[in-house]
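Please keep the sequence and the model in view while reading.

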Amino acid sequence: MSVTDDAAKVGRRRLIVLVPLGIFLGLVLLFMVGLRAGDPSRIPSALIGRPAPATELPPIAELTRDGKPVPGLDAAAFKGAVTVLNVWASWCVPCHDEAPLLVTLAADKRIRVVGINYKDQPDNARRFLGRYGNPFAANGADGNGRASIEWGVYGVPETFIVGRDAHIAYKLIGPITPQNLETVLKPEVEKALAAPAAGS
């Protein structure tokens with residue numbers, strides 16, 4: 001075997017090692033750039049500008065607010081009011097952090113705050129709302145997660161703003177924070193409130 005053949009074999013071995021390593025490092029670089037390329041909560045939703053899904057969900061069993069039963073979710077209730085819909089669960093750690101902020105948001109009487117309780121147990125959901133306060137005028141129990149899929153939910157929590165025309169105006173992926181409440185969510189609510197009602 002000649003020196004040239006040995007050199008060729010060594011070159012091939014290096015290629016076999018270096019090509020996959022180069023591909024791997026390229027993918028890592030792309031991943032890192034993607035992570036820094038913006039706010040993941042601003043991932044666009046294909047549903048923005050479209051009618052809210054026709055979601056009919058039963059109430060959370062035995063959930064009350066101000067001594068009255070809290071109704072489930074009814075798609076017809078979206079029409080005519082600016083609605084903030086929050087998808088949440090008692091087992092969701094970030095939901096605990098955002099719960100007091102939802103109570104603050106619900107104090108704005110110009111809007112309705114409603115919820116979809118995602119794959120949760122009624123006892124746990126009631127305890128959660130008993131602990132933090134119940135901001136929801138209506139709250140649907142989504143035991144199998146199907147309704148959340150129809151809304152295009154990636155994971156809990158997520159929050160949607162639905163305009164008076166029952167079309168989705170905005171979607172926030174991830175928890176509401178003190179910062180995005182003031183800089184993102186409230187301005188989007190104001191935009192929805194300022195938008196002309198359907199037919200006007």
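In this predicted model, the count comes to 1 cavity of 30 Å³ or more. The space in the largest cavity is about 40 Å³. Such spaces are found in a simple way: a probe the size of a water molecule, rolled over the atoms, shows where empty space is left.

Which residues line the largest cavity? The lining is formed by Asn 86, Trp 88, Cys 95, Glu 98, Ala 99, Leu 102, Phe 128, Leu 129, Pro 135 and Phe 136. Two or more of these residues come from each of the elements β5 (82-88), α2 and α3. Helix α2 supplies the largest share, 4 residues. By class, the lining of the largest cavity consists of 8 nonpolar residues, 1 polar residue and 1 charged residue.

Helix α2 covers residues 93-106 and helix α3 covers residues 122-132. Their axes come within 10 Å and cross at roughly 55°. An angle between 35 and 65 degrees belongs to the oblique class, and α2 and α3 are therefore oblique to each other. The crossing of α2 and α3 is right-handed.

Where the helices meet, α2 contributes Cys 95, His 96, Ala 99, Pro 100 and Val 103, while α3 contributes Phe 128, Arg 131 and Tyr 132. Sorted by class, the contact of α2 with α3 has 6 nonpolar residues, 1 polar residue and 1 charged residue. Cys 95, Ala 99 and Phe 128 take part in this contact, and these residues are also among those that line the largest cavity.

The largest pocket has a volume of about 150 Å³. Its lining includes Gly 163, Arg 164, Asp 165, His 167, Ile 168 and Ala 169.

Which element gives the most to the lining of the largest pocket? That element is α5, with 3 residues. The elements that give two or more residues to this lining are β9 (168-173) and α5 (178-194). In terms of class, the residues lining the largest pocket divide into 6 nonpolar, 2 polar and 4 charged.

Technical notes
Residues numbered from 1 in each chain as written. Predicted model: local features only at pLDDT ≥ 70, side-chain atom pairs only at ≥ 80, totals over all residues. Heavy atoms only, no water. 1 Å grid on protein atoms, 1.4 Å probe; cavity = no way out; pocket = protein on both sides within 12 Å on 5 of 7 lines; lining within 4 Å. Points joined across faces, edges and corners; volume = space filled by probe spheres on them. Nonpolar A, V, L, I, M, F, W, Y, C, P; charged D, E, K, R; others polar. Axes fitted to C-alpha atoms, helices over the stretch in contact; angles between N-to-C directions. Parallel < 35°, antiparallel > 145°, perpendicular 65-115°, else oblique. Left-handed = near helix turned anticlockwise from the far one by under 90°. Contact = heavy atoms within 4.5 Å.
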